[in-house]
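Work through the exercises below with the sequence and the 3D structure open. Try each task before reading its solution.

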Amino acid sequence: MTTETTTRVLEALSSLYNSTDRQTNREASRWLESFQKKPEAWTVADYLLKAKDSNLETRLFAAQTFKQKITYDLRDLDANARLQLRDSLVEMLWESANGPKVVIVQLCLAVADLAIQLLQWKTVIPDLIEKFSKTPKGAVCLLELLKILPEEMNSNTRLALTDVEYKSRGAELIDSNAEQVLQLLTMYMQSSGNDVELQERVFSCFASWIRSGEMDIQMISSSPLLELSFKALESVELFDVAVDVVCEIIYETRDVNECRAIIQKIYPSFTPILSKLLEAIEEEDDDTVRGYCKIFVNAGEAYINLIGSHPEAFATLMEGILKCTAYRDLEIVQLTFKFWYELSNLLQTESFAYAVPQFVGYYDALVDIMIVHLHYPEDIDSMTAEDRDEFRDFRHQMGNTLKDCCRILTPQRCLLKPMNLLTALLNKPGSTWQQIEAPIFSLRVMGSEVPENENEVMCHIMEFLSKLPDHPKIRYAATLVISRYSFWTKLHPQYITYQLNFISSGFQNAEVAAASALALKNLCKDCSEHLVDYISQLHLFYLNVVQTLPFRDVLEVTEAVSHVITVLPVNEVEKALQLFCLPIVQELHNILSKGKDGVSNKECVKIGDTLEQISVFFDVIQPKVEVGQPHPCVTFIGGLWPVLDMTLANFGHVATVNEPLCKCFNSFIRSYNVHFIPLLPQLMERLVTAFDTTGESCYLWVSFKVVREYANDEGDCAAPCFELEQRLSQSMFTKLQQVNDIPDVIEEYFRMMTAFLDKAPKLLLHDPSLSTVFQAGIVGLSITEPHALETILIFFKHLLEKKHPAVLSLFTEYGNQLTAVLFNGLVDFYRQDSIPEVAALLKSLAEILPNEATQWMMNVVNDVPQQYMSLEIKNEFMTNWTR
């Protein structure tokens, strides 16, 4: 250790905690993180932790450094040094017993992680008990250590142990010591008197050991801690930790057959807990209600089969959960949803179906409770945007619970509840829109459970919608009811005219227009054949309404009319496109005619929006046409080329234009497949020219779609697709100077190459330019963007899997370079989620070219400087590599 290094660490810590300059903070943080990876960090951390004049921040950093080094760099130390480290850390923990707590916690983490990896330390827990159990302050450290040890054992997968070592060490440290720890905790609790802080630490440690799964529940059942845990719920100071312990105990008794006796022992405790819950609800004590709710819900989920078999015996649990579901705090309410879902699933099984009648009362109450919770707040204007989003999400969660109710009570019974409530509200003066909107929303969310042939309630609901007040929020909700039940309307077409009028009138209100657009889309999609006779009315309506709607709603309405067009007789489809789509194309042409310099930014956006609107037509309109027969959509597309060419020539480099334009191209390919082949050469030529001119990734994306759809070694399109790939590759090779500047281009290019490799491998594998593609892939592996990196790795993986002589020759020629790039990426800049893909490629290399791969890895490892990787570590790495 050098004095200069220690001084530099202290200076960096001072900058980190005392400087108000963010850049200085970031630089200090990065330097300290880098320092922690160096071998000298061991001795510096030891010095700083032991120094009498070290402040809190310094001691905390030193303790964290030990934790970091033990997790990642323990191999730096030989066996004797590790034992010395153990003794030193235990002593430092002892000397730190008076606090502060953050330092104690970090030291406990360091000791725990060291204990797990120090396989020769066989008496960890007895040694720690001997060291720390004799004084009150020592007990604080001991209980924190014992709490952390099973948590690290079960969750810290970064420690350098094999799976076999983990399992064996877990048995040594946790399983074999569980009884001794339980006795120790019992002793501390029974001698704690009124020391609430000690009791809290005992319970916290107890919960950790139960959670580990190795403290046998039968052993717990005979311990005084079982009863004390439930009794601790009566203490305000211990309530939270007692809730955790009780929940862990309940979870461990989820095997109801094996734990029946224990369940019978603890179940009577739920009666006083229910009384306490009711008191907390009355007092609106959210924290206490939340704690009791966790207990009831955990018990409900653990004992779900017992509840289904013996609902009367477990009425206390059911009542407690229902009370929690009815509570005013929605964050607490949602804790119960999983229980209702699981109970509903259980009652739908053949084994428990007989018990459904005994639960009808609970589910009836549940529907009523959910509708109340669905109410928007009276002061909705005071809600923030985030509050509104959260409440909308929560309403849909409640909607799932209402669906559960439908499965148990039948949809008809559930639908009648909001229907009857609405009738009562409309007859009651002063009903608010919030009260009326909530049951309407419930009708909508239950739609997925209603059969399409339902004839008892739905007819009344549809007729009732016209009686609702003309309030925008109510109208919005009612329109979405029509939208949700469009599948039902398909079998009840007598309501179509009424629904169309209801929907179209909503477009006149800005607050309702989005719902009307969605409803029209769904109605036209599900009832398209019934709407063919309405095509003339739809035409006039469409051309007018798209001039006034927001763009997203325009797309919905465009999709709506497209669903009707697609079921027209084939000989009428082109005429319909001319009526509906051609005016949109003409609008586009009018803007484009102004020229590149005459179009404003706003008009550029309009060009892109119009192209996306056009693409919707071709996404949806897919009439059935025999191969070889003229396709009306392809004929219409042929007439669009002059407009599309004008778009490419003037705005092909503009992102707001080229992306929706490429969506159009993709729609042509995806929807018309073989029918589009006559226009394919024109599209390919435009893609090559556009990419060469602009370098935009969207043109490669469309090319990928072309290759995936049409490339085939035996097909007529193979040669044109191959030429497309070659020309794009030539352009691509000129753009690889700074790969990190074009991650999207890299991603789409190698996605296309992988598709070609999979669809038409013969052409590509015999192409001399494959060598250049291979080298481009190696260059691309230095990229930091994870999605682009993944596509390159997938390309190499698919290439290697071919095991073609030309491929193996390439890997043999460039394997050393490839391995070096991958190794450096793993060490320096690849993200965590990229590592499995990299490892898989290296593994495949080692399996297919074992000798060469070993030599490449040895060359790469030997090139690493000694200060970063010692000879011992290099030898160990290669030994593991060649296993």
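**Exercise 1.** Which residues of the largest nonpolar core touch the most other members?

Solution. The model is predicted, so local features need pLDDT of at least 70 and side-chain atom pairs count only at pLDDT 80 or more, while totals for chains, interfaces and linings use all residues. Residues are numbered from 1 along each chain as its sequence is written, and side-chain values use heavy atoms, with hydrogens and water left out.

Step 1: take the definition. A nonpolar core is a set of buried Ala, Val, Leu, Ile, Met, Phe, Trp, Tyr and Cys residues joined through side-chain atoms within 4.5 Å. Buried means under 20% relative accessible area, exposed over 50%, and partly exposed in between (1.4 Å probe, protein chains only).

Step 2: read off the members. The largest core has 323 residues, and Phe206, Tyr303, Leu343, Phe618, Phe676 and Val706 touch the most other members. Helix H6 (residues 101-117) gives the largest share of this core, 11 residues. Helices (H or I, at least four residues) and strands (E, at least two) are DSSP runs, numbered from the N terminus.

Step 3: Of its 883 residues, 52% count as buried, and its secondary structure comes to 49 helices and 0 strands.

**Exercise 2.** Describe the surroundings of threonine 253.

Solution. Step 1: locate the residue. Threonine 253 is in the loop between helix H14 (239-252) and helix H15 (260-266). Its relative accessible area is 0%, so threonine 253 is buried.

Step 1: list the contacts (heavy atoms within 4.5 Å). Apart from residues up to four places away in sequence, threonine 253 touches Ile217, Cys259, Ile262, Ile263 and Tyr303.

Step 2: look for polar contacts. Such a contact is a pair of N or O atoms within 3.5 Å; within protein, one must be able to donate a hydrogen and the other to accept it, and residues adjacent in sequence count only if both atoms are side-chain atoms. The side chain of threonine 253 makes one with the side chain of tyrosine 303 (2.7 Å). A polar atom of the threonine 253 side chain also lies 2.7 Å from the backbone oxygen of isoleucine 250.

**Exercise 3.** How are the rings of phenylalanine 877 and tryptophan 881 arranged?

Solution. Step 1: rings of Phe, Tyr and Trp (its six-membered ring) pair if their centres lie within 6.5 Å; planes under 30 degrees apart count as stacked, over 60 as edge-to-face and the rest as tilted. The structure holds 37 aromatic pairs.

Step 1: the centres of phenylalanine 877 and tryptophan 881 are 6.3 Å apart and the planes are at 15°, so this pair is stacked.

Step 2: the two residues are 4 apart in helix H49 (residues 871-881), so about one helical turn separates them. Phenylalanine 877 is partly exposed at 26% relative accessible area, and tryptophan 881 is partly exposed at 24%.

**Exercise 4.** How many disulfides does a search of the whole structure find?

Solution. Step 1: a disulfide is a pair of cysteine sulfur atoms within 2.5 Å. The search finds 0.

Step 1: check two cysteines. The closest cysteine sulfur to that of cysteine 414 is in cysteine 406, 3.9 Å away, which is too far for a bond. For cysteine 662, the closest is in cysteine 698 at 3.6 Å, also too far for a bond.

Step 2: check burial. Cysteine 414 is buried at 0% relative accessible area, and cysteine 662 counts as buried at 0%.
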